[in-house]
Amino acid sequence: MEEGGSVTLDDLKKKMADFGRERDWDKFHSPRNLLLALVGEVGELSEIFQWRGEVPKGLPDWKEEEKEHLGEELSDVLLYLVRLSDICGVDLGKAALRKVELNALKYPVHLCKGSSKKHTHYCNSNSNANSSTNSSSLTEHSSNGSSQGL
């Protein structure tokens, strides 16, 4: 890892493994414990956005201290996720790239561009084009597409 250079998932994985080993914490780093810690950190991250309503990209109205706090909580989530994937023997980088490829198949551009509808809308529309009951039960995500593609 170079000073000022980009950081890879492998760099973080090694740092987290060294950090835990140096403190004799490996015995506590079970998948379950790491997952629960990750969920706790996601909760802390959520608190930052709670009650703010929609927040514009780039967070132009946020103070520098607020952005720094956000960076710390985002980092906590990332570090626990990297550690969990390492302990579980999952190559997170490869898994993430595979997931992007799967999502590209699930959400083809020619069908999905500009839409926040769930992938089941496209699957059901293609296989049951003549079914009126199917189209009346379609779900659409919130306008921000928060869970789209996951």
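Visitor: Is Trp-51 buried or exposed?
Guide: In this predicted model, Trp-51 is exposed, and its relative accessible area comes to 79%.

Visitor: Where is Trp-51 placed?
Guide: Trp-51 has its place in the loop between helix 2 and helix 3.

Visitor: What about Leu-59, and what is its phi near?
Guide: The phi of Leu-59 is near 50°, which is again a positive value in a residue other than glycine. Leu-59 is found in the loop between helix 2 and helix 3, and with a relative accessibility of 13% it counts as buried.

Visitor: Then which residues make up the largest nonpolar core?
Guide: That core has nine residues in all, namely Leu-34, Leu-38, Leu-45, Ile-48, Leu-59, Trp-62, Leu-70, Val-77 and Leu-84. At least two of the core residues come from helix 2, which spans 31-49, and at least two come from helix 3, which spans 64-87.

Visitor: Which helix gives the most to this core?
Guide: Helix 2 gives the most, with four residues.

Visitor: Tell me about Trp-62. Where does it lie?
Guide: Trp-62 lies in the loop between helix 2 and helix 3, and it is buried, with a relative accessible area of 10%. If we do not count residues up to four places away in sequence, Trp-62 touches Ile-48, Phe-49, Arg-52, Val-55, Lys-67 and Leu-70.

Visitor: And what is Ile-48 in contact with?
Guide: Leaving aside neighbours within four places in sequence, Ile-48 is in contact with Trp-62, His-69, Leu-70 and Glu-73. Among these partners, Trp-62 and Leu-70 belong to the nonpolar core together with Ile-48.

Visitor: Let's change topic to charges. How many salt bridges are there?
Guide: The count comes to seven salt bridges. The general idea is that side chains of opposite charge can pair when their charged atoms come close.

Visitor: What does Arg-21 form a salt bridge with?
Guide: Arg-21 forms a salt bridge with Asp-18, and the closest N and O atoms of the pair are 2.5 Å apart. Both residues lie in helix 1, which covers residues 9-22, and they are three residues apart, about one turn of the helix. Arg-21 is partly exposed at 49% relative accessible area, and Asp-18 also counts as partly exposed, at 22%.

Visitor: Which residues are linked with them in a network?
Guide: Lys-14, Asp-18 and Arg-21 are linked in a network of salt bridges.

Visitor: What about Glu-66 and Arg-52, how many residues apart are they?
Guide: The side chains of Glu-66 and Arg-52 meet in a salt bridge of 3.0 Å, N to O. This pair links distant parts of the chain, with Glu-66 in helix 3 and Arg-52 in the loop between helix 2 and helix 3, 14 residues apart. Glu-66 is partly exposed at 26% relative accessible area, and Arg-52 is partly exposed at 34%.

Visitor: And Arg-83, buried or exposed?
Guide: Arg-83 is buried, with a relative accessible area of 3%, and its side chain meets that of Asp-86 in a salt bridge of 3.6 Å, N to O. Because they are three residues apart in helix 3, Arg-83 and Asp-86 are separated by about one helical turn. Asp-86, for its part, is partly exposed at 24%.

Visitor: Last one, which residues form a nonpolar patch on the surface?
Guide: Phe-19, Trp-25 and Phe-28 form that patch, with about 300 Å² of accessible area together. One of them, Trp-25, lies in the loop between helix 1 and helix 2, and Trp-25 is partly exposed, with a relative accessible area of 37%.

Terms used:
Residues are numbered from 1 along each chain as its sequence is written. This is a predicted model: local features need pLDDT of at least 70, side-chain atom pairs count only at pLDDT 80 or more; totals for chains, interfaces and linings use all residues. Side-chain values use heavy atoms; hydrogens and water are left out. A nonpolar core is a set of buried Ala, Val, Leu, Ile, Met, Phe, Trp, Tyr and Cys residues joined through side-chain atoms within 4.5 Å. Buried means under 20% relative accessible area, exposed over 50%, partly exposed in between (1.4 Å probe, protein chains only). Contact means heavy atoms within 4.5 Å. A salt bridge is a side-chain nitrogen of Lys or Arg within 4 Å of a carboxyl oxygen of Asp or Glu. Patches are made of residues with over 30% relative accessible area and no salt bridge: like charges are joined within 9 Å, nonpolar side chains (Val, Leu, Ile, Met, Phe, Trp, Tyr) within 5 Å. Accessible areas come from the Shrake-Rupley method with a 1.4 Å probe; for residues, only the protein chains shown count as cover.
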